[in-house]
Amino acid sequence: MKKKVLSTLLVVGAVGLLLTGCGKGKEEKNKEVAKGESQEIEVWLTPQWKGIQDPSEEGADYDSFFKEAAKRYNEKNPDVKVNVQVIPGEQRSDKLSVAIQTKTLPDVFFDSSFALSEYAHMGVLAPLDDIVDEESQKDIAPAIWDNVTINDNVYFYPFGHNPGTLAYNADMFKEAGLDKYVGGEHDIITWSLDDFSTILKTLKEKNSDVAPMGLFAKNNQGDTWNMSYMRMFGNPFFDKEGNIVVNEETGEKALTFINDIREKGYTTKGAESLTSNDVNAMFQNKQTAINFTNSVLFSGIQKDMSDGKVEKFDMRLANIPGEKKPVSFTYVTSSVVFNTGDEGKMAAAKDFVKFYSTDPELVKASKNTLPVRESVSKEVSSELPYLEAYNKNSDNVINFSNNTPGYAELRNAFFPELQAVFTGAKTPKEALDNFTEQGNRIIETNKSKSVILK
């Protein structure tokens, strides 16, 4: 599998990319199959955003968008019934595992593409090339298509994306005399590693009651940031063949850096027993100064501030510092269609996915994350004050999962090694050596099982 490096995430000004096997001929064929047949399809999603276009809508919930999409779709396709179910993110793997065993898979699943990539390798996802039309190819950046493509087939129809960065309490920075390290209100500032060390040290000295940085390692949730920290000194995490190389000197240096700031008291205490939700709550309660975030979490905290649920403070964005360049990443929110073996249902499911992923009004809902479509970006730019900064930051974005077979298992293998370091049971080198050995064994096993790589 070729390496998927998301090096240029140009949401505005995208250049068209024609994908092998895509075209209007296949698109029309799929539509013909879907028409004239009574079908009932199941749509599952993990919580993404509330409401259709905006969380302030009356009765807004996580299923609002898809219920509205189903309603509009039924106006043109009355023979297709769409059922919508919200699945908690932590239950995704278990529910899909049971569904595979009992042959009760949903027809459509909406989630971050990285979380569903293992199902493509298992051979239970249907390629979506036949519903990708030329207009969408041109409207969505090539790098996004690259991120949702495995072995030259599109398995995830992109809808929006959700960049991950750091957030910081600018009020705390200013109170500590760190004004020069505060970026513009709608900017993503880049600190050097020396800057970062100075910031953490000064924050601790000026306010011993506050943890300068939130750190967590209780489970695999939010581990994308922890894996990104391993890249701070230039380690690629995966090599060109898709093997883990995080135990090389640059990776060891990064984990040593993280562990050193933990030992100095610059991070939340007991990181090995804290979840990402724990430290996110601490940040909102002004118990930490720097925290992980993504565009959805960030806007959610802003809304909670405006609604009076969180005490207001000046919250701004920063990249994860790097020795050579900063580190950032993005989650591509997308749809998959499961290969259930029922051709009628699969055709209806693809048609529904194409409908809400291309409808001029419905695709505007991608502003709840960030739009992947150039046309939507231009139309809603006035509503998204951070869009320009995220676009400018695109060169720093990595494809953190590498679309690696067995990535879910890698996540489960990684956090115990962090726990071992944070409790003093292992050195950074020992932990990364063990993870690399175990991780490459996982990748090799899953490569041999991967239906689409054979």
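Biologist: How many salt bridges are counted between domain 1 and domain 2?

Modeller: This is a predicted model, in which local features need pLDDT of at least 70 and side-chain atom pairs count only at pLDDT 80 or more, while totals for chains, interfaces and linings use all residues. Residues are numbered from 1 along each chain as its sequence is written, and side-chain values use heavy atoms, leaving out hydrogens and water. Domain 1 covers 39-162 + 331-398 and domain 2 covers 164-329 + 404-449, with bounds from an automatic or database domain assignment. A salt bridge needs a side-chain nitrogen of Lys or Arg within 4 Å of a carboxyl oxygen of Asp or Glu, and between these two domains the count is 0.

Biologist: What area is buried between domain 1 and domain 2?

Modeller: The size of an interface is often given as the accessible area lost when the parts come together. Here buried area is the loss found with a 1.4 Å probe, summed over both parts. Carbon and sulfur atoms give 56% of the area between domain 1 and domain 2, and the whole is about 2,200 Å².

Biologist: Which element gives the largest share of the side of domain 1 that touches domain 2?

Modeller: Helices (H or I, at least four residues) and strands (E, at least two) are DSSP runs, numbered from the N terminus. In domain 1, 22 residues are in contact with 29 residues of domain 2, where contact means heavy atoms within 4.5 Å. The elements giving two or more residues to the domain 1 side are helix 4, strand 6, helix 15 and strand 13. The largest share, 4 residues, comes from helix 4.

Biologist: Let's zoom in on one residue. Is Arg373 buried or exposed?

Modeller: Arg373 is found in the loop between strand 12 and helix 14. We call a residue buried when its relative accessible area is under 20%, exposed over 50%, and partly exposed in between (1.4 Å probe, protein chains only). At 8% relative accessibility, Arg373 counts as buried.

Biologist: With which residue's side chain does the side chain of Arg373 make a polar contact?

Modeller: A polar contact is a pair of N or O atoms within 3.5 Å; within protein, one must be able to donate a hydrogen and the other to accept it, and residues adjacent in sequence count only if both atoms are side-chain atoms. A polar atom of the Arg373 side chain lies 3.0 Å from the backbone oxygen of Ser357. For a side-chain partner, at 2.9 Å, look to Ser136.

Biologist: Which residue meets Arg411 in a salt bridge?

Modeller: Arg411 sits in helix 16 and its partner in helix 9, 188 residues apart. The N to O distance is 3.1 Å, and the partner is Asp223.

Terms used:
Buried area is the accessible area (1.4 Å probe) that two parts lose on being put together, summed over both.
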